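Me: I'd like to go through this one by asking what stands behind each label. Can we take the terms one at a time?

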Amino acid sequence: MPYSHHSHSGQFCKHASGILEDVVLEAIKQGFEVYGLTEHVPRYRPEDLYPEEAGLSPDALMQQFTDFLNEAHRLKSTYASQITLLVGLETEFITEIDLEKLGALLSEHSNRVEYIVGSIHHVNTIPIDFDYASFERALHSVTDAVAEINSQGSCHIDKFLSTYFDAQYRLLERFHPEIIGHLDLCRLYKPQLRFSEFPNAWNKLKRNVKFAIDYGALFEVNAAAFRKGWQTSYPGEDVTVLILLLGGRLALSDDSHGPHRVGEHYHDMGDYLRRLGVKELWYLSRSSDAKAFERGLSATRVAGDWWEHEFWKPCASSVRA
C-alpha cells in the first residue's frame, strides 16, 4: 500500500500540470507501491479538442500519446527498483470513431498498453465534466424540445443517465477494461442525485456493474471527487454499496493531474471506505498466480486488513470502532 491506477501529467494532458517523471517521483516519495500511468487516448475530430488544446490537431494528439508511451516505459524501467509502474490508458467515447480508433491503437501498441481505465466523459458528443454549462447542454441534448423537459419533469434526467450508461456498456462490451473509471461521473454536478429514483438508468447501471463483475473488472474508487466538492469518492455511496452487494471488487485511484495531486484525499477516501465497511481492496499486478486479463495483468487482493497498513494510520484510528 498504497496503490493508484489512474493518473495524468501536464506533459501529456493539457488540463493537468507538471511532467510525468515528477508525478512518479512524488509517488515514490509518498510510498506508493504500485502506480498506474494512464494518459487520455487521442481525440480524432478537431471539434472534440478542448480550449486549452488550441493550436493542436488530432495528429498532434496522436503523436503526444505515442510520446507518452515512450516516456512511461522509460520511467517504468528507470524506477523499477523503487516502484511498480503500470502503463495504461484512459478511454474516450465521443463518437463511433473513438471506438474504432481505440481498437486500432490497442492493436498497434499491444505490447505496450498493459491495461485500460474505461471512462466516459461525453453524452451526445458533449463533455459532461468540463464545466457546468457543458454539463447542462449535455443534459438537455437528450430531449427533443424544451417543452418535453417542462412537461415530463425528471424524464430528461433519466434519458441523460441512460444514454451515459448505454455508452459505458458498449465500451465494456467491446474492450473489457480492467479498471472501471469514475463509474458515476454523470452526476458530477449533481452528487446528491440517486440513481434508484430513475428506473431506466438504475437498471442500466446494474446491468453494467454485473457485466463488469462477470469478466473480472476492478471498480475504481477515485479520490478526485473530493476535490470536486463531493463528500465521497467516485462512486458515491449508493453505487459502491451496489457493487459490493453484487460481488464487485474495488481498486484505488487518485486520478492525479500533476505531482501536487498525487495521493490527494487518500485519507478522506480511507475514511469513506471504512465507513462503508469495505473489507477488501484489490490492485493490478503482474502476478502469475492469478487469472490474467487479456492484456496480461492480474487482479491481486491487498493482503490482510488494508486499513492496518502504516499509510492509513492517521485516518484509520479515527474510524476504527
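Reply: A crossover is right-handed if, with the strands pointing away from the viewer, the path from the first strand over the helix to the second runs clockwise. Helices (H or I, at least four residues) and strands (E, at least two) are DSSP runs, numbered from the N terminus. This is a predicted model, where local features need pLDDT of at least 70 and side-chain atom pairs count only at pLDDT 80 or more, while totals for chains, interfaces and linings use all residues. Residues are numbered from 1 along each chain as its sequence is written, and side-chain values use heavy atoms, with hydrogens and water left out.

Me: Which elements make a right-handed β-α-β unit here?
Reply: Strand β8 (residues 179-180), helix α7 (residues 199-215) and β9 do.

Me: What makes β8 and β9 a pair?
Reply: Two strands pair if DSSP finds at least two bridges between them. β8 and β9 have two, in the parallel sense, so they meet the cut-off. Ile179 stands opposite Leu218 in β9.

Me: And how many bridges join β9 and β10?
Reply: Five, again in the parallel sense, with β10 covering residues 249-253. Arg249 in β10 is the bridge partner of Leu218.

Me: Why is β9 called largely enclosed?
Reply: Buried means under 20% relative accessible area (exposed is over 50%, partly exposed in between; 1.4 Å probe, protein chains only). Five of the five residues of β9 (218-222) are buried, so the rest of the structure largely encloses this strand. Leu218, Glu220 and Asn222 point one way, and Phe219 and Val221 the other.

Me: What is the volume of the largest pocket?
Reply: About 440 Å³. Its lining has 25 residues, with His15, His40, Asp129, Lys228 and His257 closest to the centre.

Me: Which helix gives the largest share of the second largest cavity's lining?
Reply: α6 does, with three residues. That cavity has a volume of about 30 Å³, and its lining includes Phe135, Ile157 and Cys186.

Key:
On a 1 Å grid over the protein atoms alone, a cavity is a set of points where a 1.4 Å probe fits but cannot get out, and a pocket is an open set with protein on both sides within 12 Å along at least five of seven lines; lining residues have an atom within 4 Å of a point. Grid points are joined across faces, edges and corners, and a volume is the space filled by probe spheres set on the points.
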